[in-house]
There are 2 protein chains.
Amino acid sequence: MNATLQNRLGVKELESKVVSATEAAKLITNGAVVGMSGFTRAGDAKVVPMALVERAKNEDFKIDVYTGASLGPEVDKFLAEAGAIRKRGPFQGDAGIRNMINAGDIMYVDAHLSHNAELVRQGIIGPIEYLIVEAVAITEDGLIIPTNSVGNSPIFAQYAENIIIELNVSHPEALIGIHDIYVPKEQGSEREPIPMTDASQRLGEIGIRVDLDKIKAIVISEEPDAPSLIVPPDEETQTMANILLDFFRDEIKAGRLTKQLMPLQSGVGSVANAVLDGFADSEFEDLVVASEVLQDAVFNLIDAGKVKFAAATSITLTEELQKKVYGNLEAYADKICLRPQEISNHPELIRRLGLISINTALELDIYGNVNSTHVSGTRMMNGIGGSGDFARNARLGIFVTKSYAKGGAISSIVPMVSHVDHTEHDVDVIVTEQGIADLRGLAPKERVGLIIENCAHPDFKEQLWDYYNRAFEATGGHQTPHLLEEALSWHVNLAKNKTMKL
Amino acid sequence: MNATLQNRLGVKELESKVVSATEAAKLITNGAVVGMSGFTRAGDAKVVPMALVERAKNEDFKIDVYTGASLGPEVDKFLAEAGAIRKRGPFQGDAGIRNMINAGDIMYVDAHLSHNAELVRQGIIGPIEYLIVEAVAITEDGLIIPTNSVGNSPIFAQYAENIIIELNVSHPEALIGIHDIYVPKEQGSEREPIPMTDASQRLGEIGIRVDLDKIKAIVISEEPDAPSLIVPPDEETQTMANILLDFFRDEIKAGRLTKQLMPLQSGVGSVANAVLDGFADSEFEDLVVASEVLQDAVFNLIDAGKVKFAAATSITLTEELQKKVYGNLEAYADKICLRPQEISNHPELIRRLGLISINTALELDIYGNVNSTHVSGTRMMNGIGGSGDFARNARLGIFVTKSYAKGGAISSIVPMVSHVDHTEHDVDVIVTEQGIADLRGLAPKERVGLIIENCAHPDFKEQLWDYYNRAFEATGGHQTPHLLEEALSWHVNLAKNKTMKL
């Protein structure tokens with residue numbers, strides 16, 4: 001064993017388990033349920049899944065794959081295209097697998113990310129034959145130290161019959177110590193309150209404690225994570241960020257927030273990143289991030305002294321930031337923390353800590369229902385992810401989207417969404433590049449004007465008002481006026497004429 | 001003061017506040033936001049609201065009314081018909097006010113029942129000029145003891161500028177001691193975990209502690225609660241109850257539940273009541289109820305030794321059971337507990353305790369989305385109530401409905417629900433009189449066959465399959481196949497031809 005490896009593999013008896021990826025991949029039974037590490041392209045197992053791809057090319061081999069969230073782009077794509085996936089959950093973000101999901105070739109179970117752990121405990125997901133988990137080290141006392149995401153690995157490790165570890169030596173040893181692994185006990189009287197009253201508190205151990213007998217193979221890897229592909233903010237995402245910052249200022253004036261705001265959760269993507277970037281030159285201070293994913297902006301804000309602590313279940317960075325952060329991880333060690341997604345997304349903590357939650361909508365309707373997942377009601381994009389965990393329980397559930405798509409052919413604001421992921425009861429505030437609609441405390445009919453006037457694209461305002469006015473008339477003012485014959489006609493028009501414009 | 005009243009009014013200085021309902025009603029300003037006690041016809045303020053009705057008949061008087069949940073039938077109806085309500089939340093169950101809501105005359109804010117308290121803290125609901133709360137007593141140390149519901153009264157009492165108490169001497173003094181009033185602090189580092197690991201634990205005081213200076217009037221009342229109008233089970237509700245009991249037996253066999261099950265929540269209504277009644281002659285034992293409302297069946301099960309503890313935010317009983325229970329309340333004192341709805345419905349506790357949640361659907365679709373509130377997508381029935389609090393966070397989220405309505409003209413299972421209250425991510429199990437569909441761990445396309453074959457009425461099965469097969473074909477097998485031109489056509493057909501049958 002070389003020197004690097006010695007630092008990484010602290011349990012001498014496990015040295016005999018070191019095998020090639022191909023050997024490890026042979027252990028998994030055709031038809032098995034397999035858990036994998038990985039959350040938004042971060043910390044995913046890489047070399048063993050690629051060996052599974054090779055296996056599936058040569059023999060009849062199909063498994064159910066459950067992860068934290070999305071894997072690196074190639075892994076899901078290649079596994080899917082090799083026919084190796086029967087069922088996939090709870091999230092994916094890759095065009096290759098998405099096409100097969102929408103061709104009926106792969107069953108996809110889209111689920112709230114905080115729910116998986118309970119489903120594993122109950123055996124609804126399972127029995128899990130193998131967990132394949134990327135690790136930066138196995139400590140002397142037998143803790144598996146994940147790399148730059150935690151995801152569902154702790155609960156998978158607890159319930160899986162066997163474990164394969166990808167010991168990835170390309171991740172810096174300085175990652176050891178940034179994880180905080182706390183796993184709630186079984187539901188019922190055994191389970192205690194999660195003892196966190198501040199997002200910066202540590203509750204558990206620095207790694208995943210497992211029965212070492214479960215470890216059947218260790219594969220050495222040097223594959224780096226796929227870097228985040230975040231798009232730099234354009235003028236419109238910048239406008240949305242500015243609108244949100246002004247909204248927070250108004251909330252402070254109204255006495256509902258302070259300059260420290262509340263712990264911030266923001267979904268993956270450029271709007272969320274732009275909002276966070278906007279804090280850099282602002283009057284806000286001592287911010288706390290309590291999110292799923294830490295993107296570039298969070299580290300810039302730590303550098304700028306604006307963010308005092310940031311917790312999540314994953315770190316996903318662009319190539320440039322990755323170099324910077326990984327080269328100087330010690331400087332961030334006491335300011336960041338990676339937790340299981342059951343904890344980062346737990347309703348108990350989201351409600352208690354009073355999170356401000358910012359997530360992206362695919363489309364939304366004039367009454368405030370949000371579609372996050374299905375293009376024109378039928379075609380899965382990525383999945384609901386943690387947006388439901390956060391929006392339902394947050395102090396402020398904010399959804400952002402550009403008011404239009406496809407060069408103006410599509411209005412992101414429609415009479416009725418073609419699929420509902422977030423109901424009118426869970427959507428507090430809507431932001432587009434046009435403006436903001438604060439829906440809190442309003443009845444459906446009170447929301448319509450705000451959404452159309454403040455958030456819709458000018459090209460579609462008249463058409464939206466026309467629908468609403470006729471629906472109001474036809475129903476005589478029902479709680480939620482609709483013309484059911486027409487409610488989805490904008491999507492039908494889009495399919496037929498490539499535009500929602502009449 | 002007479003002898004009874006002396007026992008009820010423990011703070012001598014408050015005797016001067018005793019006035020008539022008419023006098024009390026004069027205190028409230030036109031345009032004010034008013035909180036009222038009351039949850040599912042239980043514990044609602046009665047005589048002061050009726051005095052407000054008289055006032056509204058004679059002068060320009062309109063207020064925003066927030067309660068726990070539904071009031072006694074006359075109060076909402078008469079307030080609405082007198083034009084006294086501008087805005088109403090978070091739940092109602094009365095045909096009189098419902099008609100005005102659906103005529104556009106009253107703005108109705110339908111909300112998750114656990115969310116109100118946070119909205120009050122943030123001032124989104126408010127400023128609350130008055131709380132009108134029915135009480136069985138004010139103790140010597142100044143605690144207001146609610147009657148047979150708690151609802152939102154504790155949080156209203158904390159934030160309201162003034163309080164009017166309806167001291168209702170028709171409620172037995174034995175109610176004193178059954179309440180457990182615990183109110184979480186502000187969100188953020190002040191707020192602690194709710195220290196409950198067993199549904200029978202008591203966390204707080206036996207009454208609502210208030211600043212006594214806020215009490216501006218006390219009105220003596222003898223108005224009894226409107227009795228619950230629960231319909232006795234018919235053959236079909238009995239079948240549904242039996243199906244559910246068998247499902248629980250299967251879960252025990254599968255090792256996912258024990259004979260004690262998990263704490264049970266059941267919505268208001270005859271199916272829920274029939275399910276609970278079914279436990280009486282069963283092998284289940286040491287059951288715990290952790291619900292919103294305790295109906296007749298719960299007390300029968302306590303008598304039968306099957307339920308060892310029952311907690312909720314309200315007790316609503318038929319006339320017969322009310323006599324029996326109220327006549328012997330001491331016997332139940334250590335077996336029941338009434339809490340604020342923020343606690344009975346709190347996501348933190350629902351997830352931690354692992355509740356089994358049973359709620360009623362208005363309609364559901366072939367992919368498992370549930371509509372609980374809107375008739376044909378536009379017309380409000382009662383509201384979402386606590387069903388979202390429970391279903392999202394429960395260990396088992398079960399929805400029940402008969403498979404048909406209006407003598408067979410309506411199928412409760414449709415291609416696409418006309419309004420979504422519970423998304424596919426929150427619906428675990430569906431039960432109709434036809435059978436059961438266990439959707440846990442399944443992708444949308446895997447759910448279709450179970451829902452149609454096990455739960456749909458035979459008259460509609462072929463029509464549902466025909467829709468699904470054509471949708472699958474047209475989309476090429478998308479994640480959630482739909483024909484958007486047709487998805488809501490069953491409801492359109494119903495409106496035009498009074499049937500969903502083709």
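In this predicted model, Pro90(A) is found in the loop between strand 3 (85-89) and helix 5 (95-101) of chain A. The bond that joins Gly89(A) to Pro90(A) is a cis peptide bond, with omega at about -10 degrees. A cis peptide bond also joins Gly126(A) and Pro127(A), and here omega is about -5 degrees. Pro127(A) sits in the loop between helix 6 (116-121) and strand 5 (128-138) of chain A. Leu261(A) belongs to the loop between helix 8 and strand 10 (264-266) of chain A.

Attention now turns to charged pairs. Side chains of opposite charge can pair when their charged atoms come close. Over all chains, the count comes to 72 salt bridges. One of them is formed by the side chains of Glu283(A) and Arg249(A), at 2.6 Å from N to O. This pair links distant parts of the chain, 34 residues apart: Glu283(A) is in the loop between helix 9 (270-278) and strand 11 (287-290) of chain A, while Arg249(A) is in helix 8 (residues 235-253) of chain A.

How do the two chains meet? At their interface, 79 residues of chain B are in contact with 77 residues of chain A. The area buried between chain B and chain A is about 6,800 Å², and carbon and sulfur atoms give 54% of it. On the chain B side, Arg351(B), Arg392(B) and His425(B) lose the most area to chain A, together 12% of what that side buries. Four salt bridges are found across the interface of chain B and chain A. In a salt bridge between the chains, the side chain of Lys87(B) meets that of Glu446(A) at 2.9 Å, N to O.

Helix 8 (residues 235-253) and helix 9 (residues 270-278) of chain B pack at an angle of about 55 degrees, their axes 8 Å apart. The two helices of chain B are therefore oblique to each other, and their crossing is right-handed. Helix 8 of chain B makes the contact through Thr237(B), Gln238(B), Met240(B), Ala241(B), Leu244(B) and Leu245(B), and helix 9 of chain B through Ser270(B), Val271(B), Ala274(B), Val275(B) and Gly278(B). Sorted by class, the contact has seven nonpolar, four polar and no charged residues.

Methods
Residues numbered from 1 in each chain as written. Chains lettered and ligands numbered in written order. Predicted model: local features only at pLDDT ≥ 70, side-chain atom pairs only at ≥ 80, totals over all residues. Heavy atoms only, no water. Axes fitted to C-alpha atoms, helices over the stretch in contact; angles between N-to-C directions. Helix = DSSP H or I, 4+ residues; strand = E, 2+ residues; numbered from the N terminus. Parallel < 35°, antiparallel > 145°, perpendicular 65-115°, else oblique. Left-handed = near helix turned anticlockwise from the far one by under 90°. Contact = heavy atoms within 4.5 Å. Nonpolar A, V, L, I, M, F, W, Y, C, P; charged D, E, K, R; others polar. Buried area = accessible area lost by both parts, 1.4 Å probe.
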